[in-house]
Amino acid sequence: SLVKSPGSCCAVPNCGNHVYNPNSNNPAERGLCYYKGDVYSQGEQWDDGCQYKCTCLDATLGRYQCNPKCLSWPNLPSVCSLQAPAPGLCCPQPKCPSNVQINFPPGYKIE
């Protein structure tokens, strides 16, 4: 938000806990990652809807990485089907007969 100090002619950005260098015109020097009009601090994670999960990797360079939130299932056995996402979740999930085992990546969390 823009905040005008008493006696000051101009408002300056107040980014809360985010680092901000008002003397720099280069976003990378402000210590923030910029993504679709929002700012994120070093290490901060965010979701871009049901499409991506993103992380601010290097705020000094403004570098972030976004990965698909949902797994793709190119080699799903033919006896399995993809079920629509459960209410409140984003990703379709495979449904297979009990004798078919699907291996999820280590640490995978259904989103």
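Student: How many helices and how many strands does the secondary structure of the protein chain come to?

Tutor: The model is a predicted one. Its protein chain has zero helices and nine strands. Read along the sequence, the pattern is β-β-β-β-β-β-β-β-β.

Student: What share of the protein chain is made up of buried residues?

Tutor: Of the 111 residues in the protein chain, 21% are buried. The word applies to a residue with under 20% relative accessible area.

Student: Which residues make up the largest nonpolar core, and what makes it a nonpolar core?

Tutor: The seven residues are Cys33, Tyr35, Tyr40, Trp46, Cys54, Cys56 and Ala59. Strand E3 (33-35) and strand E6 (52-58) are the elements that give two or more residues to this core. The term requires buried residues of the listed nonpolar types, joined through side-chain atoms within 4.5 Å.

Student: Which residues is Cys56 in contact with, leaving aside its neighbours within four places in sequence?

Tutor: Cys56 is in contact with Cys33, Tyr40, Ser41, Gln42, Gly43, Glu44, Trp46, Arg63 and Tyr64. Each is called a contact because heavy atoms lie within 4.5 Å.

Student: Why is the aromatic pair of Tyr40 and Trp46 called stacked?

Tutor: A pair of aromatic rings is described by the distance of the centres and the angle of the planes. For Tyr40 and Trp46 the values are 3.7 Å centre to centre and 10° between the planes. Tyr40 and Trp46 are both buried.

Student: How many aromatic pairs are there by this rule, and which residues form one aromatic cluster?

Tutor: The count comes to six aromatic pairs. Tyr35, Tyr40, Trp46 and Tyr64 form one aromatic cluster.

Student: How do you know that Lys95 is exposed?

Tutor: The relative accessible area of Lys95 is 52%. Exposed means over 50%, so Lys95 is called exposed. Lys95 lies in strand E9 (residues 93-95), and, apart from neighbours within four places in sequence, it is in contact with Val79, Cys80, Ser81 and Gln83.

Student: Why is Gln83 called partly exposed?

Tutor: Gln83 has a relative accessible area of 35%. Buried means under 20% and exposed means over 50%, so a value in between is called partly exposed. Gln83 belongs to strand E8 (residues 81-83). Gln83 and Lys95 are twelve residues apart in sequence, with their C-alpha atoms 6.5 Å apart in space. Beyond residues up to four places away, Gln83 touches Pro92, Gln93 and Lys95.

Student: Which classes of residue line the largest pocket, and which element gives the most to the lining?

Tutor: The lining has four nonpolar, four polar and four charged residues. E7 gives the most, with three residues, and both E6 and strand E7 (63-68) supply at least two. About 210 Å³ of space lies in the largest pocket. Among the lining residues are Lys53, Thr55, Gln65, Pro68, Tyr108 and Glu111.

Student: What makes Pro68 exposed?

Tutor: Its relative accessible area is 58%, and exposed means over 50%, so Pro68 is called exposed. Pro68 lies in strand E7. Pro68 and Gln51 are 17 residues apart in sequence and 5.8 Å apart in space, C-alpha to C-alpha. Leaving aside neighbours within four places, Pro68 is in contact with Gln51 and Tyr52.

Methods
Residues numbered from 1 in each chain as written. Predicted model: local features only at pLDDT ≥ 70, side-chain atom pairs only at ≥ 80, totals over all residues. Heavy atoms only, no water. Buried < 20%, exposed > 50% of the residue type's maximum accessible area, 1.4 Å probe, protein only. Helix = DSSP H or I, 4+ residues; strand = E, 2+ residues; numbered from the N terminus. Phe/Tyr/Trp six-rings, centres within 6.5 Å; stacked < 30°, edge-to-face > 60°. 1 Å grid on protein atoms, 1.4 Å probe; cavity = no way out; pocket = protein on both sides within 12 Å on 5 of 7 lines; lining within 4 Å. Points joined across faces, edges and corners; volume = space filled by probe spheres on them. Nonpolar A, V, L, I, M, F, W, Y, C, P; charged D, E, K, R; others polar.
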